[in-house]
Amino acid sequence: MKNFKNPIVDGLADPNILYHNGVYYLYATSYHTKSHSYEVYSSTDLVNWENRGICLERAWNMDKMFWAPDVKEKDGKFYMLVTICEHLGLAIADSPLGPFIPQDGFLFESSIDGHIWFDGDDMYIYYVSWRKNHKYALYGVKMMPDMITPDLSTEKMLIAAQEEYECHQSPVAEAPYMIKKDGIYYLTYSACHYESPYYCVCYATSDSPLGDFVKYEGNPILVADTKMVSGAGHHCITHTPDGEKMFIIYHTHFSPTQIHPRRLSITDIRFDKNNGKDVLVCGPVDFGIEHPYPLEK
């Protein structure tokens, strides 16, 4: 059995992973491109990643501050929700390798950290926004059937940072990522300023994709010890090919004394029972400790 050690990738942050036809594809904020474009990486084991090149490098006459991409596939089309210069928009491709073609016009200004969620045939997007008449918070909106136009009549503020564990250095709730189990929606997100050593992963639940969401009383579920590892957050979640096991991939600070360049690590995330209710539990945040490869039986 092969073992690996965290971190698995240096120089990336804000990861998103797409599984398609036996291959995992990774998209992220990249220090290698100085956040001037999006790269795509591929892997078959979730540990060793090959850089497959640039998949998007300009949109809406903007070519910097390429952050936190999110890619999902639907009916043979690959939808990338991008944050470019603090504008949120969609780009679409026929392959997970791109090229991703920006749609006409961005969706929102003063918005970041987009996430796509398909609930059957319905498409939702989640994001941080502070545009006009919007408090800085996490929002969600249902997309029109064309999957490129938001139905603004459905837009709703979902999570605002108010709890002590969400407010270290600044009250922040960002980096939304949705999963669903037995009809319950689990909106995972990151909290605190990203430069905080206590940057962390939390979640809230609802029986509807647009809430109301109730924060888990055991938050945060992923947080670094701040001595060996610092700033663990802005994550995505992926599965084994059979769907039986989940993993959370997240970035950390380079070290407890240096924030940049950030790096990616992986650990398990699972549902456990607590007083008869399903709750999300994460594996450890660590550097330099040997673990079996994620996909090993």
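**Close-up views of a predicted model**

**View A. Ile-17 touches Tyr-24, Tyr-25, Leu-26, Leu-46, Trp-49, Cys-236, Thr-238 and Ile-249.** This list leaves out residues up to four places away in sequence, and contact means heavy atoms within 4.5 Å. The model is predicted, so local features need pLDDT of at least 70 and side-chain atom pairs count only at pLDDT 80 or more, while totals for chains, interfaces and linings use all residues. Residues are numbered from 1 along each chain as its sequence is written, and side-chain values use heavy atoms, with hydrogens and water left out.

**View B. The largest nonpolar core holds 39 residues.** Such a core is a set of buried Ala, Val, Leu, Ile, Met, Phe, Trp, Tyr and Cys residues joined through side-chain atoms within 4.5 Å; buried means under 20% relative accessible area, exposed over 50%, and partly exposed in between (1.4 Å probe, protein chains only). If you want to find the residues with the most contacts inside this core, look for Ile-8, Ile-17, Trp-49, Ile-221, Ile-269 and Leu-280. At least two core residues come from each of several strands, among them S3 (12-20), S4 (23-30), S16 (173-181) and S23 (263-274). S22 supplies the largest share, 5 residues. Strands (E, at least two residues) are DSSP runs, numbered from the N terminus.

**View C. The sheet S3-S4-S5-S6 is open and antiparallel, with 4 strands.** At its edges are S3 and S6 (50-56), each pairing on one side only. From one strand to the next, the twist averages 30 degrees; axes are lines fitted to C-alpha atoms, and angles run from 0 to 180 degrees between N-to-C directions. Strand S5 (residues 38-43) runs antiparallel to S6 and is joined to S6 by 4 bridges. Tyr-38 has Leu-56 as its bridge partner in S6. Two strands count as paired if DSSP finds at least two bridges between them.

View D. Strand S14 (residues 137-142) and S15 pair in the antiparallel sense over 3 bridges, with Gly-140 partnered by Lys-156 of S15.

**View E. Glu-166 sits in the loop between S15 (156-159) and S16.** Glu-166 counts as buried because its relative accessibility is 0%. Beyond neighbours within four places in sequence, Glu-166 is in contact with Ile-159, Ala-160, Ala-161, Pro-171, Val-172, Tyr-189, Ala-191, Cys-192 and Lys-215.

**View F. Asn-219 lies in the loop between S19 (214-215) and S20 (222-223).** With 9% relative accessibility, Asn-219 is buried. Its side chain reaches the backbone nitrogen of Tyr-203 at 3.0 Å, and a polar atom of that side chain is 3.2 Å from the backbone oxygen of Tyr-216.

**View G. The cysteines form 0 disulfides in a search of the whole structure.** Cys-85 is in no disulfide, and the nearest cysteine sulfur, that of Cys-55, is 18 Å away. A disulfide here is a pair of cysteine sulfur atoms within 2.5 Å. Cys-85 is partly exposed, at 22% relative accessibility. The sulfur of Cys-202 has its closest cysteine sulfur in Cys-200, at 3.9 Å, which is too far for a bond. Cys-202 is buried, with a relative accessible area of 0%.

Notes
A polar contact is a pair of N or O atoms within 3.5 Å; within protein, one must be able to donate a hydrogen and the other to accept it, and residues adjacent in sequence count only if both atoms are side-chain atoms.
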